[in-house]
Amino acid sequence: MVLVSGSGTNLQALIDASTSPDYGVEIVAVGSDRPGILALERAEKHGVETFVLETSSYADRASWDIDLAAKVEGFDPDLVVLAGFMKLAGPAFLALFGGRTLNTHPALSPSFPGMHGPRDALAYGVKITGATLFVVDEGVDTGPIVAQVAVPVLDDDDEDTLHERIKASERAMLVEWVGKLARENFHIDDRAVRLGGAPT
Ligand code: GRF
């Protein structure tokens, strides 16, 4: 199950990988908080079921969160991947999918959490940034880290060129690790994400 809000290049990378049976991942549905986005077109083109739940259709964020959790539960996913999903997972969602929801952030956590990772990295003047795949918790980009990839910041970068460079590495990391986690299972030991089921 993949949740999206934007152009869906991360989703596309997962779709492409999932066409190989060896990858061991089936995308059961794609959900969004916005209609009319390219990510939904990508899913539909691939024949994956889609849905849209807009926060503006709800009286408050809590009701949206409850409906999102119920909608996702209907697909009975093993893993939920937030691939450029620009909303925070709420308590109802985390009650059902905490510990098996992954998110990708275009910065090297714990630096530059939030909506503008590439912009904030540029503004700070770091020479290396990157992307972080993590298990979602109630914070903003704070969950246990699955994998990270480093990406150089070039002198003539603007926010778009830097974000595009990050996204190329981010997609490869996402595909590699979603496959590994799905095929080998994983557990979380304190903040360490380890492949394999929990030790008995
Ligand atoms: C990614 O960089 C993701 O980390 C960030 O937004 C971007 C989504 O890109 N939150 P796309 O929609 O997968 O192309």
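The entries below go from the ligand to a helix beside it, then to single residues.

**Ground rules.** I'm working with a predicted model, where local features need pLDDT of at least 70, side-chain atom pairs count only at pLDDT 80 or more, and totals for chains, interfaces and linings use all residues. Numbering runs from 1 along each chain as its sequence is written, and side-chain values use heavy atoms, with hydrogens and water left out.

**Ligand.** I listed what surrounds the ligand (a heavy atom within 4 Å) and got a set including Gly-6, Ser-7, Thr-9, Thr-104, His-163 and Glu-170. For Thr-104 a polar backbone atom is 3.2 Å from a ligand oxygen. On its own the ligand exposes 370 Å², of which the protein buries 91% (Shrake-Rupley, 1.4 Å probe).

**Shell.** Which elements give two or more residues to the shell around the ligand? I found helix H1 (9–18) and helix H6 (159–184), and H6 gives the most, with 3 residues. Helices here are DSSP runs of H or I, at least four residues, and strands are E runs of at least two, numbered from the N terminus.

**H1.** I checked burial next: buried is under 20% relative accessible area, exposed over 50%, partly exposed in between (1.4 Å probe, protein chains only). In H1, 8 of 10 residues are buried, among them Thr-9, Asn-10 and Leu-14. The buried residues pack (heavy atoms within 4.5 Å) against strand S1 (2–4), S2, H2, strand S4 (80–82) and H6.

**Pro-35.** I found Pro-35 in the loop between strand S2 (30–32) and helix H2 (38–45). Pro-35 is partly exposed at 47% relative accessible area. Leaving out residues up to four places away in sequence, Pro-35 touches Leu-40, Val-52 and Glu-54.

Most non-glycine residues have a negative phi, and most peptide bonds are trans. I noted a cis peptide bond between Ser-109 and Pro-110, with omega about 10 degrees. Asp-76 is not a glycine, yet its phi is positive, about 50 degrees; Asp-76 is exposed at 65% relative accessibility. Asn-185 has a positive phi too, about 65 degrees, and is partly exposed at 42%.

Technical notes. A polar contact is a pair of N or O atoms within 3.5 Å; within protein, one must be able to donate a hydrogen and the other to accept it, and residues adjacent in sequence count only if both atoms are side-chain atoms.
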